[in-house]
Amino acid sequence: MRCLLTSPSSFCTHPGPVGVGSIVPRGVLRSRSSRPQQRIHASRDAPSSNGKGLDEDTIWSQLAFPSYLQSSKSHKKGVCDDFDKALAAAERKQAADCSIEDLEEEDPAEAVWLAIRREAERDAATEPLLSSFLYATILAHDSFERALAFVLSNRLANTVMLPTQLFETFYEVLVSDADVRQGALADVEACRERDPACTSYSQALLYYKGYHAIQTHRIAHALWSRGQKFMAVALQSRVSEVLAVDMHPAARLGHGILLDHGTGVVIGETAVIGNNVSLLQNVTLGGTGKDHGDRHPKISDNVLIGASATVLGNIRIGHGAQVAAGSLVLKPVAPHTMVAGSPARPVGTVTGNPAEKMQHWSKKLNYDPFTNEPCEPAEASSRPASPEAEQPAAAAAAAAPSGSKPRRRPGKLDVAASEAAWD
């Protein structure tokens, strides 16, 4: 139905059957609908009648408002349940005494967003110099998706891709793709829980380049999957330029990914990363040649990959495994196994979730994994006091018979001892 007001006369309101108030026009009102056209004249002198036996309140209630706004009896059963729940949740969030723990049980995503807003309010009060920045990035937005889109678009914008254009693209993907949105929320929780240097959710959202790189990759992957490959590659190039992280938009990532520090991370086209995985700086998940097809590593859930580790080829890193810093992995790694070295070899077993523990080494591993022999540190009293004191020991070693027992070669690991050590 279209209504055309031919007179610029003002409007007035008075109580009517709608409940709040009815708007009564002063002038001539032409109404067009699926019914036969009719002209309804509302006289200034007699605003309660149109000359046809219908008062104006009835006209407005029947023609100008949907049926569900005219009477509560017209409501279908349960039509307002979702709205009432959303309204109640919003009122709880706005309340000063709202508990994040209670909200987390009902809606974990809203609990994270509420925590971010409260952290921003606290930081704005303690740091007036950054209050406008915190308002523009967090407090001015009504949802986590808008805040994240704003932060990413302003960090990656340049003269070609303007922040307003990037914001529209990022926000549309975050709202329409539930996997991208849920992954972003899980990643910010991973930063807060696993990185001891991260003191708040808002800190990860605003400043962590590893987090920004992963979320931009999620958006680029969604665009790649839609067929917008040129835009996805443009975002990959921009992230590589600004954040020093190069992830092909076709690579697939799970939820709860921590990219600690992030600098120098390279992830190839056909790589797959599972859920709850932690990677440190300079990690490479690459191929072994220029052949096309599936050629990059597959990282299972709960895997920890240390700094400067390199994993090459279409191999699988098993569930709950750990790759030590600086390792070169060329062969598949069994689940719950720790590998180290170049090329990497198994050096122990891992229990639990190494990606959450973030424990790269332990003093409990007081054995040499290559000899299965204890390697207790030498006591201070047993160290030679001077270079002269080392000469008798060197002479005794030279005089030892050639048939003495040689050093053991790497053999089978003591799995039971390793599991006890990691426990």
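What follows is a chat that sets values against cut-offs.

Mentor: Keep in mind that this is a predicted model.

Trainee: Okay. Why is His212 called buried?
Mentor: Buried means under 20% relative accessible area. His212 comes in at 1%, so it counts as buried. The residue sits in helix H11, residues 209–226.

Trainee: What makes His212 and Arg155 a polar contact?
Mentor: The cut-off is an N or O pair within 3.5 Å, and their side chains are joined at 2.7 Å. Arg155 also turns up among the contacts of His212 beyond four places in sequence, a list including Val151, Leu152, Tyr207 and Leu243.

Trainee: Now salt bridges. How do you know that Glu145 and Arg181 form one?
Mentor: The nitrogen has to be within 4 Å of the carboxyl oxygen. For Glu145 and Arg181 the N to O value is 3.7 Å, so by that cut-off the pair is a salt bridge. Glu145 lies in helix H7 and Arg181 in helix H9, so the pair ties together parts 36 residues apart in sequence.

Trainee: Are those two residues buried or partly exposed?
Mentor: One of each. Glu145 has 15% and is buried, while Arg181 has 21% and counts as partly exposed. The line between the labels is 20%.

Trainee: What makes Lys298 and Asp294 a salt bridge?
Mentor: Their closest N and O atoms are 2.6 Å apart, and the limit is 4 Å. Lys298 is buried at 9%, whereas Asp294 is partly exposed at 48%.

Trainee: How many salt bridges does that rule give?
Mentor: Eight. Another one of them is Arg122 with Asp123, at 3.1 Å.

Trainee: Last one: why are strands E8 and E20 placed at the edges of the sheet?
Mentor: The sheet is open, with six strands in the order E8-E11-E14-E17-E19-E20. E8 (258–259) and E20 (345–349) each have a single partner strand, so one side of each is left without a neighbour in the sheet.

Trainee: And what makes E8 and E11 a pair?
Mentor: Pairing takes at least two bridges, and E8 and E11 have two, in the parallel sense. Leu259 stands opposite Leu279 in E11.

Conventions: Residues numbered from 1 in each chain as written. Predicted model: local features only at pLDDT ≥ 70, side-chain atom pairs only at ≥ 80, totals over all residues. Heavy atoms only, no water. Helix = DSSP H or I, 4+ residues; strand = E, 2+ residues; numbered from the N terminus. Buried < 20%, exposed > 50% of the residue type's maximum accessible area, 1.4 Å probe, protein only. Polar contact = N/O pair within 3.5 Å; in protein donor to acceptor, adjacent residues only side chain to side chain. Contact = heavy atoms within 4.5 Å. Salt bridge = Lys/Arg side-chain N within 4 Å of Asp/Glu carboxyl O.
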